[in-house]
2 protein chains.
Amino acid sequence: MQALVFSHGKLALRRIEKPVPKKTEAIIRVRKAGICGTDISIASGDYKIIAPVVLGHEVFGEVDESSGTSKIPSGSRVVSEINVSCGVCNLCKSGLRNHCSKICTIGITRNGGFADYLSTPIENLHLIPDSISDEEAVFVEPLAAAIQLTKMASIRKGSTCAVVGVGRLGLLILQVLKIQEPKLLVAVTNHTRNRKRCNLARSLGAHEVLSLEGARESVERFTKGIGFDNVVEATGNPRALDFALELVRPRGTIHVKSTHGVPVNFDLTKAVVKEVKIQGSRCGPFEEAITLLKERRVSTEGLITDRFGLEEFRKAFMKAKSPESIKVIFVI
Amino acid sequence: MQALVFSHGKLALRRIEKPVPKKTEAIIRVRKAGICGTDISIASGDYKIIAPVVLGHEVFGEVDESSGTSKIPSGSRVVSEINVSCGVCNLCKSGLRNHCSKICTIGITRNGGFADYLSTPIENLHLIPDSISDEEAVFVEPLAAAIQLTKMASIRKGSTCAVVGVGRLGLLILQVLKIQEPKLLVAVTNHTRNRKRCNLARSLGAHEVLSLEGARESVERFTKGIGFDNVVEATGNPRALDFALELVRPRGTIHVKSTHGVPVNFDLTKAVVKEVKIQGSRCGPFEEAITLLKERRVSTEGLITDRFGLEEFRKAFMKAKSPESIKVIFVI
């Protein structure tokens with residue numbers, strides 16, 4: 001089969017063996033797979049991984065005819081959770097399976113879905129109902145990650161929220177926050193001239209779209225100098241944490257979603273003096289994401305800007321890095 | 001009066017006018033004042049302040065004969081909270097007086113207590129009962145700051161806790177955490193050869209004293225590879241956050257107390273992947289600190305290692321920086 005392999009610091013399309021599943025695994029015939037910020041960071045060398053590995057962890061496909069169980073028969077439309085845990089280590093036994101001490105992550109530390117086929121544990125599979133299209137299903141993984149920020153630190157109804165970063169993840173986060181019924185929801189970006197993104201941010205729930213540079217003025221204008229209760233950092237930019245610190249109110253929460261792999265340099269003393277909470281969050285609940293898509297409470301309309309075959313991977317990654325694009329997917 | 005003034009990047013003992021209190025203020029005849037990590041950071045130029053200012057914010061004294069009210073008459077033994085707020089800005093009105101938009105902080109942005117006299121708002125004063133000695137009273141301010149970490153993120157009974165830094169603040173934090181009844185309480189330091197500190201840490205509540213370099217092994221040995229539920233960073237060292245990240249369990253909390261003023265460089269991606277909470281906390285409840293001292297639930301025995309007159313300030317600050325000292329105070 002063909003697969004997009006990251007090896008020796010480079011991406012390359014290779015022919016490799018179709019995976020042979022273990023007893024507890026299933027083979028997915030991949031149909032669509034989204035490029036995520038982490039993929040870009042891995043490809044650029046910022047996010048260090050133990051290569052070689054097939055990238056791709058936002059994957060939709062069908063259970064291959066060679067696989068299938070009574071619950072998830074061959075041909076089922078599925079997505080896969082990305083963390084593969086051992087189930088027996090102390091972290092797993094303490095209920096933290098997504099933090100297993102022997103964790104493997106699909107598309108990061110074990111082969112992912114930028115390929116014709118993906119082998120994944122059966123327990124990681126989630127059925128996609130017919131009312132969710134193939135392309136919508138690509139968003140289940142990042143949408144679950146967006147939901148997860150509300151699990152790690154809840155968003156109070158009637159609070160004030162700012163999402164820094166209006167990209168592929170930020171536009172999902174905006175919608176998730178909107179569901180929490182904030183009093184004020186703003187998007188903050190250094191791409192305020194990018195009309196498409198700004199209009200999308202507005203149509204998906206942002207009351208205002210503000211510029212990153214004007215952070216301090218925004219606090220004055222929109223929160224009477226108090227600052228935002230919740231600031232989500234979803235830029236993928238290591239410098240953005242200091243901006244988030246400007247925007248957040250004393251004793252407020254900065255929810256961090258970026259995993260760019262680059263050490264950040266920031267004013268921790270300011271975070272202490274403001275008594276701020278900085279909360280990391282990662283992978284989230286797939287079933288809740290599927291429900292939100294099914295119930296049309298989250299829209300992916302307009303989010304996919306570019307579609308490529310695997311053989312066009314160079315162009316695809318270039319596009320994914322460009323501010324003109326939002327979600328770039330492979331059609332396989 | 002004499003006062004230790006930080007001006008143009010230097011500390012100097014000067015003769016300045018005795019302060020004239022505003023109507024809402026009282027004059028304290030300072031008797032004892034502790035040197036804190038923030039004072040050292042200010043004196044070294046790391047923590048930037050708008051000088052000139054009299055340093056000193058851990059202050060015990062008596063209400064001067066020129067001052068006093070019916071509730072707090074002249075001669076009363078008192079300590080003073082350090083934040084002076086306007087009471088009318090939106091932050092004050094929203095209940096965040098310690099984060100007032102026009103905040104002045106005694107010994108940092110308005111004159112402090114390394115001086116014969118200190119002028120402070122009457123509402124900032126707290127009476128010290130006779131059962132608390134003058135030298136114990138110096139610890140009310142830092143003890144309140146130690147308590148505050150449990151207010152910003154509670155410490156669950158039966159949890160596992162590590163305090164990184166066994167200094168003037170760390171030894172108070174250990175005692176505050178002990179009161180929360182953790183299952184495991186360890187102190188972590190790069191001064192494991194300093195017997196006095198390590199013995200103090202043990203006698204004040206630490207089950208074990210571990211070395212900073214062996215952080216990863218400690219996680220294995222003491223928490224079965226899971227990591228500590230709570231890690232308190234109280235080193236005053238900008239590099240310590242990455243150590244705390246090694247020690248904390250996935251979804252655990254790092255409580256940050258250091259305000260060294262230096263930008264920190266750390267692996268935010270790891271914090272996101274581990275879904276860690278980094279919680280800053282600063283000034284705390286004085287009455288609770290007074291109660292803990294009064295009820296002998298927190299001990300300051302052995303913590304004051306050096307006493308100096310104001311005129312010996314150079315020696316005092318040198319001592320305060322040395323790992324052999326713990327708390328250095330001025331006797332005025």
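Reader: Which strands form a hairpin with two residues between them, and which residue in the turn has a positive phi?

Author: In this predicted model, strands S1(A) and S2(A) form the hairpin, with two residues between them. The turn residue with a positive phi is His8(A), at about 50°.

Reader: How many bridges join S1(A) to S2(A)?

Author: S1(A), residues 2-7, is joined to S2(A) by six bridges, and the two strands run antiparallel. Ala3(A) is opposite Arg14(A) of S2(A), and Leu4(A) has Leu13(A) of S2(A) as its bridge partner.

Reader: What should I keep in mind about side chains when I walk along a strand?

Author: Side chains in a regular strand alternate between the two faces of the sheet.

Reader: What is the order of the open sheet of three strands in chain A?

Author: The order is S2-S1-S4, and the pairing is antiparallel. The edges are taken by S2(A), residues 10-15, and S4(A), residues 53-54, each of which pairs on one side only.

Reader: And in chain B, which strands stand at the edges?

Author: Chain B has an open sheet of three strands in the order S2-S1-S4, again with antiparallel pairing. S2(B) and S4(B) stand at its edges with a single partner strand each, so one side of each has no neighbour in the sheet. Val5(B) has Val54(B) as its bridge partner in S4(B).

Reader: How many salt bridges are there over all chains?

Author: The count over all chains is 34 salt bridges. One of these joins the side chains of Arg31(A) and Glu62(A), at 3.3 Å from N to O. This pair links distant parts of the chain: Arg31(A) lies in S3(A), residues 25-34, and Glu62(A) in S5(A), residues 58-63, with the two residues 31 apart.

Reader: How is the size of an interface expressed, and what area is buried between chain A and chain B?

Author: Interface size is often quoted as the accessible area lost when the parts come together. Between chain A and chain B the buried area is about 3600 Å², and carbon and sulfur atoms give 62% of that. Leu268(A), Val272(A) and Glu275(A) supply 17% of the area that chain A buries against chain B, more than any other three residues. By contact, 41 residues of chain A meet 41 residues of chain B.

Reader: What is the count of salt bridges between the two chains, and what is the count of residue pairs in polar contact?

Author: The salt bridge count between chain A and chain B is zero. The count of residue pairs in polar contact, both residues at pLDDT 80 or more, is 23.

Reader: Which elements give two or more residues to the side of chain A that touches chain B?

Author: Those elements are H2(A), H4(A), S15(A), S16(A), H9(A) and S17(A). H9(A) gives the most, with five residues. By class, the residues on this side of chain A divide into 19 nonpolar, 14 polar and eight charged.

Reader: Which strand of chain B does S16(A) pair with?

Author: S16(A) pairs with S16(B), residues 264-266, in the antiparallel sense over three bridges. The bridge partner of Val264(A) in S16(B) is Phe266(B).

Reader: What ipTM and pTM does the predictor give the complex?

Author: The predictor gives 0.95 for ipTM and 0.95 for pTM. For chain A the mean pLDDT is 94, and 100% of its residues reach 70 or more.

Key. Residues are numbered from 1 along each chain as its sequence is written. Chains are lettered from A and ligands numbered from 1 in the order in which they are written. Side-chain values use heavy atoms; hydrogens and water are left out. Contact means heavy atoms within 4.5 Å. Buried area is the accessible area (1.4 Å probe) that two parts lose on being put together, summed over both. A salt bridge is a side-chain nitrogen of Lys or Arg within 4 Å of a carboxyl oxygen of Asp or Glu. A polar contact is a pair of N or O atoms within 3.5 Å; within protein, one must be able to donate a hydrogen and the other to accept it, and residues adjacent in sequence count only if both atoms are side-chain atoms. Helices (H or I, at least four residues) and strands (E, at least two) are DSSP runs, numbered from the N terminus. Ala, Val, Leu, Ile, Met, Phe, Trp, Tyr, Cys and Pro count as nonpolar, Asp, Glu, Lys and Arg as charged, and the others, Gly among them, as polar. Two strands pair if DSSP finds at least two bridges between them. pLDDT is the predictor's confidence in each residue, from 0 to 100.
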